[in-house]
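Hi everyone, thanks for having me. Please have the picture open while I talk.

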Amino acid sequence: MNFCAMSFFETLKDPLLKLWQSTGLYQSNWQNYVMMLIAFVLFYLAIAKKFEPLLLLPIAFGMLVVNIPGGADILYFPGYGTEVMHPADATHAEAYLAIKTHPFEGDALGLFYYLYQGVDKVIFPPLIFLGIGAMTDFAPLIANPKSLIIGAGAQFGIFVTFLGAIFLGFKGAAAAAIAIIGGADGPTAIWLTQMLGQSELLPIIAIAAYSYMALIPVIQPPLMKLLTTKKERSIRMGQLREVSKKEKIIFPIAVTCICGLVLPSALPLVGMLMLGNLLKVSMVTERLAKTASNELINIVTIMLGVVVGSKAVGTTFLQPMTLFIIILGLIAFMFGTVGGLLIAKLMNVITHGKINPLIGSAGVSAVPMAARVSQKVGQDEVPDNYLLMHAMGPNVAGVIGSAVAAGILLAIFG
């Protein structure tokens, strides 16, 4: 009887040990739990505070599941084995590099590996721009072309932060990838980071870009009130002229041609943005415009958010460099807001008080949240003052401006 009992326990010993070693509790380290806590904070911001929930919620979920101990391996490399690839202490990044160099058979790779190809091959960001174009009304910009100057001024933060990153010791391509956070445009930040070969910085840059976009209602109003007077914030602007259908059709075609001739490197983003808008304003491709602005962009947003969040693995994310990038990103965003405000103030002086400087803060690329913040701060002074449509001009100009700025940086450092 004793022999049978011993034999029974000996038989179960190895399977039970293997089961225990496969659990997250056995594999965990402190970085996993810190990143899971950060994911919970992002969940709170997305769900309770409604800060960019369409972006932050998928990112937070991707961050959560990949930092559950063992999650990264099963989601990216379910067929990963020490006898095939690396020693047992191989990192997630090393494993991914090895797979890129020596691809495995299909059954060795997981769902997130394949979804991440949309980021790695720089497919998702242009598709996001296609959807944005199909949802965007460029009429306020066409009606007031001076808005382009404000949108350009709001890119000031990108170039200031680029110099700051260089000063702190980052190389040219890395500094450019960090600086683009100032454009307040997540897809552009992802696109440029990948195109410049800075994939190791992608999780930090993408999460910083989307987080600052979400925090626009918190970050921008103090700067707006600091740099404008009560009198300036109370300025009423005249109604914009009506834009014809012909103008709306010519605009995306003309922008594509000009951009292509002057800065071809920006065409993947600007071209797809304008294609989406042309599908909308032509009025002959309603089905395509509807798909681009609804089903397509929603699907891509889910996949992009989840896999970007899933690259924020605790062992690589929790480094001193992360803090530097987050601080530089905040500086970039703040200087972008300041640049737009100062240009709008200058235009107000030139036009003898006809431009409310508050619309300058909308020159960052976050559409339409930045324009809504301009409207809210203006109505805090004069409740019946409606600045939204005037702010939408610089806002959509900022989308074009950030893509052009990314194209310039890519042309120089790509």
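Which residues in helix 14 and helix 21 meet each other? Before I answer, please keep in mind that this is a predicted model. On the helix 14 side we have Ile204, Ile205 and Tyr212, and on the helix 21 side they meet Met321, Thr322, Ile325, Ile326, Ile327, Gly329, Leu330 and Phe333. Sorted by type, the residues of this contact are nine nonpolar, two polar and no charged.

How do we describe such a meeting? Two packed helices are described by the angle between their axes and the distance between the axes. For helix 14, which covers residues 202–214, and helix 21, the angle is about 40 degrees and the axes are 10 Å apart. The crossing of these two is right-handed.

Let's stay with helix 21 for a moment. It runs over residues 320–350, and its 31 residues should span 45 Å at 1.5 Å a residue; the end C-alpha atoms are 45 Å apart, so the two values agree. Just after helix 21 comes histidine 352, with a positive phi of about 60 degrees. Why point that out? Most residues other than glycine have a negative phi, and most peptide bonds are trans.

With that in mind, look at two more spots. Valine 122 is not a glycine, yet its phi is positive, at about 55 degrees. You'll find valine 122 in the loop between helix 7 and helix 8. Then go to the loop between helix 21 and helix 22, where proline 368 sits. The peptide bond joining valine 367 and proline 368 is cis, with omega about -5 degrees.

Now to helix 8 itself, residues 124–135. Its axis comes within 8 Å of the axis of helix 13, residues 186–195, and they cross at roughly 150 degrees. Helix 8 is therefore roughly antiparallel to helix 13. Their crossing is left-handed. Pro125, Pro126, Ile128 and Phe129 from helix 8 meet Pro187, Thr188, Ile190 and Trp191 from helix 13. That contact counts seven nonpolar residues, one polar and no charged.

Helix 18 brings Leu269, Val270, Leu273 and Met274, while helix 23 brings Val399, Ile400, Ala403 and Val404. What kinds of residues are these? Eight are nonpolar, with no polar and no charged ones.

One more stop, the aromatic rings. How many aromatic pairs does a search of the whole structure find? There are five. One of them is phenylalanine 162 with phenylalanine 413: the ring centres are 5.3 Å apart and the planes stand at 45 degrees, so this pair is tilted. It links distant parts of the chain, since phenylalanine 162 belongs to helix 11 and phenylalanine 413 to helix 23, 251 residues apart.

Methods: Residues numbered from 1 in each chain as written. Predicted model: local features only at pLDDT ≥ 70, side-chain atom pairs only at ≥ 80, totals over all residues. Heavy atoms only, no water. Axes fitted to C-alpha atoms, helices over the stretch in contact; angles between N-to-C directions. Helix = DSSP H or I, 4+ residues; strand = E, 2+ residues; numbered from the N terminus. Parallel < 35°, antiparallel > 145°, perpendicular 65-115°, else oblique. Left-handed = near helix turned anticlockwise from the far one by under 90°. Contact = heavy atoms within 4.5 Å. Nonpolar A, V, L, I, M, F, W, Y, C, P; charged D, E, K, R; others polar. Expected span 1.5 Å × (residues − 1). Phe/Tyr/Trp six-rings, centres within 6.5 Å; stacked < 30°, edge-to-face > 60°.
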